[in-house]
Amino acid sequence: EAGDLTPDSRIIQGKLPNGFRYALLSAPRKGKVSLSLIVGAGSYAERPSERGYAHFTEHLAFTGSTHYPSGTAARFFEENGMKFGRDANAFTSGNRTVFRITLQKADQKTLSESLQVLSDFAGGVLFAPESVASERGVVLSELALADTEEGRTLADLRKFLYGGTQFEFLPAGDPAVISAASPENLKRFYRTWYVPQRMILAAAGDIRPDDLVPLIERTFGTLQAGTPPPVPYLGDPDREGVRAWSGVIRGNGARIRIRVMRKRSPAEDSAALRKSGYLIAAAQSVLTERLSRLPEASLRADGGSSSWEASLSALLAELKSAETGVTDEEAARAKRRIRTALESAVKAGIPDPDIAVEGMETELASGRVMTSPETDLVLFDAAASSITGKAISDAIREAFETGAVTIELMAPEKVPESDLLRA
């Protein structure tokens with residue numbers, strides 16, 4: 001829903017009777033078309049016994065479907081000059097699974113076939129036992145490659161930050177769950193979550209919406225509407241006060257981060273929400289500028305206890321100063337940086353189809369209104385006068401007072417958390 005925001009008029013949006021949605025953007029790139037099927041189901045939809053099912057399903061979509069049985073989808077890509085990774089790929093995140101196809105030289109035939117491939121991914125994956133067995137090995141190999149010391153350290157950090165919630169787990173999955181996954185259980189997950197009401201097609205490039213919409217209706221209109229279940233409760237990483245975490249990472253140097261977690265507002269996208277977002281962006285810009293001006297030696301943490309302590313002290317002192325001492329001159333510089341970026345987007349016009357589709361994916365999956373660069377600039381200009389030095393200081397102070405603060409240190413040796421809190 002647009003609310004008080006004006007959607008980008010260049011993007012044609014619509015919905016089929018079965019709930020399937022589409023968003024189409026004509027871009028001046030002769031022959032090139034980027035397509036993206038966005039499925040509103042990722043690892044957040046999984047129960048503990050299904051850790052990795054969304055990712056496994058993403059893999060299996062390429063192994064066999066109604067119109068493209070084993071190996072024939074890959075042959076279609078190759079025959080049309082497409083390469084996996086560059087022109088045909090997919091990924092799974094917490095809130096979505098995305099399948100992308102880029103046609104470098106699109107014509108009506110290849111565009112129609114590409115839509116059929118995506119429609120098969122949406123509703124025709126076969127889950128043949130031999131495909132499940134073969135792809136299981138691929139997924140387990142990916143998990144094994146990620147099982148490094150640094151990977152385990154980061155998993156420990158996620159558990160510290162998000163333990164007891166869905167946010168703790170990466171989409172890649174649990175090796176034990178992947179090893180035990182049966183075709184029947186995977187198909188049940190697929191049938192539950194892959195329903196047209198949870199899907200959007202984003203397309204950008206050398207397209208004529210008037211010609212493409214009938215193809216979409218014919219290809220995706222036959223998908224059977226289901227009853228999409230609500231996403232399971234994700235949990236609330238309700239941490240309070242200041243905490244500290246330390247992990248071991250080999251090599252020279254240490255990494256220090258101060259993380260502030262705040263509950264995300266459930267409010268719908270609006271001009272007021274964009275205004276608060278610009279204030280946060282200005283605050284981040286001011287902090288980045290301040291840290292960049294610190295002497296390099298004060299931020300270097302090369303493994304010794306005194307070095308990380310000095311770096312942490314310098315970081316905390318700068319943050320403390322920013323809670324009350326951001327000047328209007330700093331605010332003006334931050335606003336100029338933000339406005340310059342927005343002006344550049346206006347001057348650039350419609351980007352390359354791949355970039356356009358990627359941006360559309362993010363906006364559509366997050367529920368944000370897809371506004372034009374021109375509208376974004378107008379919204380920023382309307383908010384700019386309220387972004388003062390005092391407003392930025394107040395925002396930084398409020399974040400630290402109301403958010404959960406974590407001091408994180410990765411170093412060659414374990415450092416007691418109590419030492420971090422004393423610093």
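Which ring does the charged end of Arg51 sit over? The ring belongs to Phe169, and the charged end of Arg51 is 3.8 Å from its centre. Keep in mind that this is a predicted model.

Arg243 is placed over a ring too: it lies over the face of Phe160. Here are the two pairs side by side:

| Charged residue | Ring | Distance to ring centre |
|---|---|---|
| Arg51 | Phe169 | 3.8 Å |
| Arg243 | Phe160 | 3.9 Å |

**Rings with rings**

Aromatic pairs come to 14 in this model. Take Tyr44 and Phe167: the ring centres are 5.4 Å apart and the planes sit at 80°, so this pair is edge-to-face. The two residues are 123 apart in the chain, so to speak bridging distant parts of it. Tyr44 is in the loop between strand 3 (33-39) and helix 1 (53-60), while Phe167 is in the loop between helix 5 (149-162) and helix 6 (175-180). As for accessibility, Tyr44 is partly exposed at 23% relative accessible area, and Phe167 is partly exposed at 27%.

There's also a cluster held together by ring pairs, made up of Phe62, Tyr68, Phe76, Phe77, Phe84, Phe99 and Phe121.

**Around Ser36**

Phe99 turns up again next to Ser36, being one of the residues that Ser36 touches. Ser36 belongs to strand 3. Is Ser36 buried or exposed? With a relative accessible area of 0%, Ser36 is buried. Its side chain makes a polar contact with the side chain of Glu361, at 2.5 Å. Leaving out residues up to four places away in sequence, the contacts of Ser36 also include Val98, Arg100, Ile200, Leu201, Ala202 and Val357.

How values were computed: Residues numbered from 1 in each chain as written. Predicted model: local features only at pLDDT ≥ 70, side-chain atom pairs only at ≥ 80, totals over all residues. Heavy atoms only, no water. Phe/Tyr/Trp six-rings, centres within 6.5 Å; stacked < 30°, edge-to-face > 60°. Helix = DSSP H or I, 4+ residues; strand = E, 2+ residues; numbered from the N terminus. Buried < 20%, exposed > 50% of the residue type's maximum accessible area, 1.4 Å probe, protein only. Lys NZ or Arg CZ within 6 Å of the ring centre and 35° of its normal. Polar contact = N/O pair within 3.5 Å; in protein donor to acceptor, adjacent residues only side chain to side chain. Contact = heavy atoms within 4.5 Å.
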